[in-house]
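User: Could you take me through some of the helices and strands of this protein, one question at a time?

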Amino acid sequence: MTRQRNISRDFTRREFLSVSGASALSLANLRFGDAAQPSPQISPASQTDSPFPRDFLWGAATSAYQIEGAAREDGKGPSVWDEFAHKPGKIHDGQTGDVTCDFYHRYPEDISHMREMRLTAFRFSISWPRVLPDGIGAVNQKGIDFYSRLVDALLAAGIAPIATLFHWDTPLALHHRGGWLSRDMPQRFGDYAAIVARALSDRVTHWLTINEPRSFIGGAYVTGVQAPGEKLSRAEYMRAAHITFLAHGRAVQAIRANAHRPAQIGYACDVSPSLPATDSAADVAASRESAFSSPLDHFSGAHWWRENAWWLDPVFLGRYPAAALAALGKDAPKILSGDMETIHQPLDFLGANIYGGWLVRAGTPDKTDSHPEPVPFPAGFPLTAFGWQITPDAMYWGPKWLHERYHMPIFITENGCSSRDSISLDGKVHDPQRIDFTARYLLALARASREGVPLLGYLHWSLLDNFEWQEGYTQRFGLIFVDFPTRRRIPKDSALWYAAVIKSNGASLM
Ligand code: FCB
């Protein structure tokens with residue numbers, strides 16, 4: 001992840017103050033068995049007090065390269081990440097995902113933790129080169145069998161499997177054949193999607209095609225800090241983005257054509273909403289306008305992570321933002337006949353990965369051509385361990401703006417924070433920052449829900465501490481602590497807290 005966020009918000013809103021760090025901490029002293037009893041600080045909650053829909057899915061999210069390990073086992077082929085992580089100087093301290101959490105072997109243990117936490121959904125990604133070692137051609141049955149066993153074990157635990165087809169681990173062989181710059185890639189991805197759908201769709205009903213196309217293209221081809229580590233020209237990386245959209249469309253077609261049961265298909269986009277600097281109507285209008293404006297500076301490394309419309313409009317509206325197309329000029333992707341129809345497939349939900357937003361205010365009123373203005377963060381603004389600004393309002397305005405524009409049910413497919421977790425003298429892992437962070441974001445989501453935004457679920461990033469791309473193992477995002485030398489798991493206080501939130505369907509937050 002390479003966000004260069006310029007995000008701000010105010011922390012004065014009343015609804016967020018109702019969550020105190022103190023109540024979060026006292027919950028954290030519970031053991032799993034105790035989660036059934038409400039803590040004295042938490043008002044006894046029932047499902048009827050919940051701001052969330054009755055069938056709201058509560059889960060955690062992961063991705064293959066970040067947790068599986070078994071990088072060269074059972075016939076798996078190499079991905080661009082397997083190669084990139086071994087290049088000197090690319091990853092913190094030369095770390096790799098070769099073994100990482102060893103989820104490939106330890107998933108039964110992890111599923112028992114999920115069960116204790118009462119998760120009702122688990123998002124994982126399928127490693128394309130584990131299924132097709134060369135990206136095309138012969139299927140590696142052992143790879144399919146792994147995901148099949150995983151799905152069976154999740155279902156036996158009462159947990160809905162949510163499968164992502166691509167979370168950045170492009171088969172190396174396909175990269176060498178042009179990768180995401182090749183117009184052959186959508187067909188290849190569609191063929192892979194068909195194989196996976198045929199194998200798993202008798203049991204998997206929820207699918208995500210591509211994870212975070214914006215971050216993927218940004219890290220892989222704009223800044224080049226992620227695999228395969230290339231810095232392309234703007235025309236080239238915009239071409240790669242267009243091909244990624246086409247691949248999404250082909251995968252949707254392939255899942256629908258091959259699914260044994262009706263499939264619920266979405267697309268997991270990273271969204272950084274613009275947030276109104278104050279509650280004034282003018283600032284709210286500025287935020288609404290900025291959320292989907294596409295100025296040219298959103299297409300360079302500097303403000304790459306502020307652009308939303310480019311990454312969503314083609315998929316949900318069947319067109320690129322006209323202003324951006326015009327501004328990009330000769331760097332805009334070449335759109336062939338039929339492309340936009342392929343990209344614009346009917347979807348069942350909009351998956352939004354929301355970590356934060358950026359603050360805007362209305363432009364100077366006396367100027368006739370006044371536009372919304374980004375507002376810098378004040379000094380000392382709250383940050384996660386990663387240095388990302390903590391902006392819970394993003395979880396209110398994000399779903400609200402997304403629903404207004406695209407009219408789709410929203411599924412929060414990622415949200416979370418890294419913190420400097422370690423094992424305390426009492427043998428436990430106390431992570432009050434994560435509890436407070438998550439409570440604030442969930443309260444903002446509850447507000448969106450109460451105002452009528454249709455929500456399908458919330459998936460916390462992440463289940464386990466894991467390999468955080470170029471940062472290696474320095475950023476702990478898990479609800480479960482992983483002691484990497486031994487791979488031992490310890491559910492953090494936040495896991496116990498999350499179990500209580502899930503049990504009350506979110507009512508315990510109120
Ligand atoms: C998201 C990625 C995920 C992880 C989190 C922290 O952007 O999808 O793999 O890196 O950020």
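Analyst: The questions below concern a predicted model, and they turn to its helices before a sheet.

User: How far does helix α16 reach from its first C-alpha to its last?
Analyst: Helix α16 covers residues 394–406, which is 13 residues. At 1.5 Å a residue the expected span is 18 Å, and the helix comes close to that value. From first to last C-alpha, α16 reaches 17 Å.

User: Which residue follows α16, and what is its phi?
Analyst: Within the helix, several residues are buried, including Met 395, Trp 397, Trp 401 and Tyr 406. The helix is then followed by His 407, whose phi is positive, near 55°.

User: Are α17 and α18 roughly parallel or roughly antiparallel to each other?
Analyst: The axes of helix α17 (residues 432–450) and helix α18 (residues 493–503) come within 9 Å and cross at roughly 30°. Because angles under 35 degrees count as roughly parallel, the two helices α17 and α18 are roughly parallel.

User: How do the residues of the contact of α17 with α18 divide?
Analyst: On the side of α17 the contact is made by Arg 434, Ile 435, Thr 438, Ala 439 and Leu 442, while α18 brings Asp 493, Ser 494, Trp 497 and Val 501. These residues divide into five nonpolar, two polar and two charged.

User: In β8, which residue is the bridge partner of Leu 275?
Analyst: An open sheet of three strands, with mixed pairing, runs in the order β6-β8-β9, and its edge strands are β6 (274–276) and β9 (373–374). Strand β8 (residues 358–361) pairs with β6 in the parallel sense over three bridges. The partner of Leu 275 in β8 is Leu 359.

Definitions and conventions. Residues are numbered from 1 along each chain as its sequence is written. This is a predicted model: local features need pLDDT of at least 70, side-chain atom pairs count only at pLDDT 80 or more; totals for chains, interfaces and linings use all residues. Side-chain values use heavy atoms; hydrogens and water are left out. Helices (H or I, at least four residues) and strands (E, at least two) are DSSP runs, numbered from the N terminus. The expected span of a helix is 1.5 Å times one less than its number of residues. Buried means under 20% relative accessible area, exposed over 50%, partly exposed in between (1.4 Å probe, protein chains only). Axes are lines fitted to C-alpha atoms, for helices over the stretch in contact, and angles run from 0 to 180 degrees between N-to-C directions. Angles under 35 degrees count as roughly parallel, over 145 as roughly antiparallel, 65 to 115 as roughly perpendicular and the rest as oblique. Contact means heavy atoms within 4.5 Å. Ala, Val, Leu, Ile, Met, Phe, Trp, Tyr, Cys and Pro count as nonpolar, Asp, Glu, Lys and Arg as charged, and the others, Gly among them, as polar. Two strands pair if DSSP finds at least two bridges between them.
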